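These are my notebook entries on one structure. I looked up a helix, a sheet and the aromatic contacts, in that order.

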Amino acid sequence: MGFFRKLLKNITNKKQQNEQKIQVKKDRKLLYPYLCKKTIDDHPNLDEYNLARLYSIENYLNQKKKTKENDHLTLERFYRQDKLFNWVGIAADIRFENKRSGGRLLLERVALDNPEHPVFIDDHLWLKLNDVKAVLTDQQTIGSGDAVRGVSKIDSYIGKEQQDKFGLRKTVIKNAGIYVGKKIRNPHQTSLHCKIVSNYDRKKDWVAKISNKENVSNLINKKIDINELLQQKGHVEYRLKGNTHRHIIPQAVDLPTKTKSKKKANDSVNQIKQNAQKLLVKKKNHIVVQGTITRYTGKIGQIRYYRDQQDVLQLAIQVQNIRDELNIKIASRSYFAFSDKVIALGEINPNDQIAFSTRSILPNNMSTIGKFETIKFVKNTEKRLPLPKEHDALIGYFMTVNREGKEENMPYLQAYRDWAIKNNLPDPQSMEEKLHGFLNKTDIAFKLKIDIKTLNKFLYDLRIKPSLKYQGKTYYSNKVIDKLRPKVATEEMIANARKDSPLSSSSVIPYSPLADEYDLVLVTKKAIYYTNTFKGKGLTKVEEYLDITGQYKEDFYIKCVDGSHTEHFIKVKDIKEIGRDNHVREILINNQNQ
């Protein structure tokens, strides 16, 4: 019973893990606009705050679907216990219905504003600005994509279908802006310990400007309790402006304006939209903000050569299977310059997993070469051989690795050889001579007519270790072919095993059509059987196959007939003797005589 309890527990754990994975796919990660202080210091001339806000709009907000009817039951506990709700969310959109209702601010990714234990609360909530009693910064501009922090009382109301619903009511807004911290951006969760910079210039790209009334400003200066602010009559003063960014609220209308000409107002909004879109570049479903640092993962592909505008030979790295911070595939491949940051990593091999950041827009061909801001290995982080910093020696290194020994490449090859000898590394020329008696994995796979994945499995199963390693490749002696051939032959026979309907729980080995004379005799405790399954195979090969299949947990069966031509399936494990007809008769006679 203990086994079944463990099995049930494992199934339950896996189910819970899967449920957690589903939550991540539903964009419930607590991600908010964030900047690393070093990024701001390194690029004083760039508008990093607005770039971070644009990144937040295009990567953290819901761009694909309309908001569904939501009862916001996660707020009920605050209502029942009469507790204040400290929250943080992202300003997503603005809506203005009439003077009586006032403006409403849409907040997304709303979470409990508790730096030690932040908890996801709701994918979206509406905040009526007529319910906002005060703003602690006294004056606050809010743009779409800003992180907004506040504290609210929760109230209940009746929905369209007469159900109980819950929402934000009396509110004090703490601040709104961009989180700034010492560490680089965490792709899984933004640290709420960081401070928010709220007073940066949002240019003309804002949706609300909020300010306190004079009496409330005086109370804030006296640093009174939040509860007293929530009891104040009236609400803050605010100005609203239509959102210039596309979003999920199709019914959001342009706000009334005091300008005499509607055409002028529309032209103004359109101009803001155009200015904002100049910073954005679409790549399929992903939006890259030009100028801002974006982080990705990928794997190293080919190292390519190209000539720059001065006709000088240069190197470019192909990065494949590029994914963003939410693990969404962004591009199949892009090309980046071979910079000092790459050289500092040491030797680079195909399929190396890397994490990198860039301001580039992920060029997918050699016509545009991107630039790494940062790059590091994700796996296989062991110490690697260094790469030369000298231009010609670096190119010569990759020509040596790829065995490109053409006459026109000799200056590069010689430059790398000189560098290697100077730095006490193996002489490439002597190593090439030494490698003549060895095979790499590509050579072995070609000779055995199998793929690299299968070869790796066979090498692991047989515990075969490489004879030497050079420039990121492993080499084996020629004798490895003889060790692998029996394994390849046996696995080919096992691969031909199939499931048969009468014996669906076990594998059945297909056999050639029944012949008048059977090729092989099989002896079990119960009877003698005949089969043509192994026709043309030597006894040694058949015995080797039966030994290996007998070691598997699954039962392998051979289709055969008895003396009266009745078909049977017999287990490989039940076979006691095999042989050609005369050989088996001799065994039986000897057994009877004994």
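**Entry 1: helix H10 and what follows**

I began just after H10, where Asn-424 takes a positive phi of about 60 degrees. The model is predicted, with local features requiring pLDDT of at least 70, side-chain atom pairs counting only at pLDDT 80 or more, and totals for chains, interfaces and linings using all residues. Residues are numbered from 1 along each chain as its sequence is written, and side-chain values use heavy atoms, with hydrogens and water left out.

I took helices (H or I, at least four residues) and strands (E, at least two) as DSSP runs, numbered from the N terminus. I then checked the length of H10, residues 410-422: its 13 residues should span 18 Å at 1.5 Å a residue, and the end C-alpha atoms are 18 Å apart, which agrees. The expected span is 1.5 Å times one less than the number of residues.

Which residues of H10 are buried? I noted Tyr-412, Leu-413, Tyr-416, Trp-419 and Ala-420. Seen down the axis of H10, these buried residues fall within an arc of 125 degrees, so they line one face of the helix; the arc is that of the directions from the helix axis to the C-beta atoms. The face turned away from the buried side carries the exposed residues Pro-411 and Lys-422. Buried means under 20% relative accessible area and exposed over 50%, with partly exposed in between (1.4 Å probe, protein chains only).

**Entry 2: a sheet**

I found three strands in an open antiparallel sheet, in the order E6-E10-E11. Its edge strands, each pairing on one side only, are E6 (139-142) and E11 (237-240). Strand E10 (residues 208-211) and E11 pair over four bridges; two strands pair if DSSP finds at least two bridges between them. Ser-211 has Glu-237 of E11 as its bridge partner.

**Entry 3: aromatic rings**

I recorded 13 aromatic pairs in the structure. Rings of Phe, Tyr and Trp (its six-membered ring) pair if their centres lie within 6.5 Å; planes under 30 degrees apart count as stacked, over 60 as edge-to-face and the rest as tilted. The rings of Tyr-32 and Tyr-179 have centres 6.5 Å apart and planes at 55 degrees, so the pair is tilted. Both Tyr-32 and Tyr-179 are buried. Tyr-397 and Phe-398 form an edge-to-face pair, 4.9 Å centre to centre with 80 degrees between the planes. Ring pairs link Phe-338, Tyr-397, Phe-398, Tyr-416 and Trp-419 into a cluster.
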